[in-house]
Structure formats: structure tokens, C-alpha cells
Amino acid sequence: MKVAVLSASPKQQLSLTLQIVRALQKMCKDDEFDISFIKNVDDCSEFEAKAKEADLVLILSSLYHFNTHGQLMRYLKGLHLPKNKPFTYVSSSGGNMDVPAHNYLRSYARQNGLKWIRSLSLLDEDVLAEPGREEVYRWFQYVKDVVRNTELNAQSLKDTRIAVLDCGDEPEETEAKVAEIAKKYEDLGAKVTVYNLREKKIKGCIACFGCYTNNKCVIKDDFEALTDELYGNSDMIITVSGINYNQFSTNYKYFLDRHVKFGRFGQDLELIKAYVYCGEMDPMDLVELEQHTLVVDSLGYDVYVGMYPGTDEGISQLIQESAYVCINDLYPQRNTYGYGLSMQFANLAYRLQKMTPKDYEYFKAKGYYQMPQVLNQVRPISGIEDGRMSCQMRLMAFEDMLSALDGPPNMTKRGERGRFTKMIGADLSKVDEDKPKKGFSFFKKN
Ligand SMILES: Cc1cc2nc3c(=O)[nH]c(=O)nc-3n(C[C@H](O)[C@H](O)[C@H](O)COP(=O)(O)O)c2cc1C
């Protein structure tokens, strides 16, 4: 596939984000990556010509203050691409609050009639380690499926376990759509189970935080059995809901509120999740609902596919995009974009690792600090040339990695990946409670 890459970082060749595509070049030798840089923010003509001939446009940029940098924003104002051109984006950063940058690029694509393909958000050093390279590789295979519109058949989702969760408050809100969605996945060979919240007894959370002490909810009803089955026996969950004042149905909210139990210890199953809303949504509120769902319901370790209207077009888009996600077995993204708030906890725990040893160990066990720490000392930088050298030094580890990289990464299976193990019912025995440590810890017993 021919990819026109715009490496937008003001650091040009010294960009860390650029190293992601350099790794892709080594891993996907059949694909052609033509890399351009922004030389003049007011002149897009050279890149426009390349993009016209390419199968895919890929924009690379880092985060500056939670969004992409001003240079790319200015450049995009003048960039005109052919309608329906497949268009996607990769960011790299410290991983803090990357959602606005991805939404910005998605808005640019949508408002300019381009074919938006879900973006990828990485941490600066991710591609230095094998799991990071696998994440990029899988994502790129997915992108290719979307660009080529790879045909689906009755075997495409064979062995995939799909749960369709009916959250409508009334049957007429969602029941027919749930049946239609279930049938469409069955036609692709998936094993589908429908769970109906109207038939379950799920009481409201009473905020006792008992679950924070032992990971068990004090309320005895259908919640624990349902979540054990739903999360333990599914690869993908499609949540189908009615609309209640621009939010999901009240049944969904009862169900979600009880998830406070998972909020502390995670629900580490790498589930793929997609959402369908049946009813009229105010467009402004839809964006808010999507953000909220991404951060709150993804609970850190899931793959978010998207939120679709329950129209014919919405459902066919859901089926196709989610099928490509399942087939390529995408990784959950380890940053604010994919992980919601747990990334912030992890960063905090890393910085305070001596004061919060158990939190540090907890996130370390999940692979948050897997990549080599490139910057292990800080020194004062004086002058542009000194600054440039500092950027160059940071790239040395990448050059080492790239010189040794040849061909695709080792592919692991979901559930067998070292850092994502089953976590329903957190195993507190792994957390060393016996040795009291000084200072503050979220895990500390009172
Ligand atoms: C002005 C500025 C603001 C930044 N803001 C953020 C931020 O909000 N979140 C984050 O995770 N990283 C932030 N960073 C870190 C950069 O995203 C990071 O250095 C990036 O990897 C550089 O990528 P590049 O080498 O491709 O330009 C910021 C860096 C600069 C210079």
C-alpha cells in the first residue's frame, strides 16, 4: 500500500513520533511510506500532490499542551485533500491527555469529507519494546483492512465470542436492533450471546466503597454473576442503549455505577467494546457522551471501537469496523486515549515510586514501565544547538532498535500477553501487604 506520511513535528528528522513510521517501514516491507516534513506551514502543495497519488494519508505529530502543535494546526488550515481519501493519525507523547489531539484530527477529516480511520496514540518510547511494535503493527494491519475494504464472509469472525448487551429501559427502544445486530454477527461466524439488563436484578450502588477493601460488592443481586460471565466469556461487547436526555438508558447507568468495583483494580481482559444508541442525540452531547464512555466505561484495558447510531448505515459501519478490530486483535491503547485515567495514576505512581511502592508495583506488573527510560538524567540545556544535541541523544536508543529490526514482530494472543492477565477479582496476594512502607500508598491498609 502507498502511504503519504506527513511528519509534522517541528523537530523534523529528530522527531520521536517519526520513529514509529521508521519501525513500520522495517516491519511492513511490502508497503511504501513516502515521508514528508512541514517546511513551510503556508505551502501544502508538495504534500497535496503526494497525497493525491497515495492510498492512505498518515499524519504524525506529538502533543503540545494536550493537543497537537500549532504548526500542524496552521498547516491543516491550508491542506486540501481529495474527498473520501483514507486519512489517519498517530501521536506520540508522554501520554497525558491525548484525546483532544485525536479529536482535532478526526474533526479535520470529517469536516473535509475524508475517510477517517481510527487513530493510534503511543507513548514516546513505546516502539523501543516488542509489545509496542506489535501494537503498531496490528493497528496498521487494521488500517489496511479499512482502506482496502477487505471483504467479510461467514468465517471472518469464527471463534469470536460476541456479547450484545441490551440496556434499553423499554423493549421497544432496543430489542429489535439487538436482534438485528446479533444476527449480523452470527452471519460472520461469531458466537453471539444476548444479555438483557431488563431481565436482570441490578440494584443501585450505595457508595459504601466495600469493593475498594476486598473487590467484592456488598449488594447481593445479579451483578456479580452477570459481569463474571459477560467479561469472562466475551471477546467483544456491543452495548445497545436507548437515549435518556442525551445519555444512555437508566438501566445502563445502574449497571455502570456498580462498576466502581472494577475502577480500582481494573478489569484486565482486553475486551473490545462498541456502543449503539437508539434514538435522537444532540450532536454536541454525542461528543461528550463518547468521551465519557471512552474514559469511564473502557476502564483502562479495553479496545474502544466506536459509538454508532442504530440506523441501517450506523449498524453496517459498526459491523465492518468492529470485525476488522476483532480480526486484527487490536491492543488497548496505553494512554489517556485508550486507558482513561489509569495512565495518570501510573505516571503519578512512577514519579512517586518510593512513596507509593505498591501502586508502582501494580502498574509495573501491567507493563506501564516496560519501555526503556531514555531520559535518566536532566541537565541544563543552553542554546539551540545544545537543544538539538539533546534531541539527537534521545534518538540513540531508537537507532539501535531500528538497526536490529527486520520483519514483523512476534505476534501474541489476547489473554496470553504478559502484561494483560485476567483480573476479575484482583489477586491481592501479589501485593506485598506485610512490609509496611513509609509514606502514602493507595493500597495501604488503615
Ligand atoms: C510545548 C510542549 C508541550 C507538551 N505538552 C504535552 C502534553 O500535554 N502531554 C504530553 O503527554 N506530552 C507533552 N509534551 C511532550 C511531547 O509530546 C513529546 O516531547 C513528544 O514526544 C515529542 O514528539 P516529537 O519528537 O515527535 O516532536 C509537550 C512538549 C512540548 C515541547
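A residue counts as buried when its relative accessible area is under 20%, as exposed when over 50%, and as partly exposed in between, using a 1.4 Å probe and protein chains only. Keep that in mind as we walk through this predicted model, in which local features need pLDDT of at least 70, side-chain atom pairs count only at pLDDT 80 or more, and totals for chains, interfaces and linings use all residues. Residues are numbered from 1 along each chain as its sequence is written, and side-chain values use heavy atoms, with hydrogens and water left out.

Let's begin with charged pairs. Side chains of opposite charge can pair when their charged atoms come close. Such a salt bridge is a side-chain nitrogen of Lys or Arg within 4 Å of a carboxyl oxygen of Asp or Glu, and the structure holds 22 of these salt bridges. In one of them, Asp302 meets Lys273, with N and O 3.0 Å apart. Asp302 sits in the loop between helix 11 (283-297) and strand 13 (303-309), while Lys273 belongs to strand 12 (272-278), so the pair ties together parts 29 residues apart in sequence. (Helices, H or I of at least four residues, and strands, E of at least two, are DSSP runs numbered from the N terminus.) Lys273 is buried at 5% relative accessibility, and Asp302 is buried at 2%.

Another salt bridge joins Glu46 to Lys39, their closest N and O atoms being 3.5 Å apart. Here Lys39 is exposed, with a relative accessible area of 66%.

Now look at the ligand. One of its oxygen atoms is 2.7 Å from a polar backbone atom of Leu63, and an oxygen atom of the ligand is 2.8 Å from a polar backbone atom of Phe66.

Definitions and conventions. A polar contact is a pair of N or O atoms within 3.5 Å; within protein, one must be able to donate a hydrogen and the other to accept it, and residues adjacent in sequence count only if both atoms are side-chain atoms.
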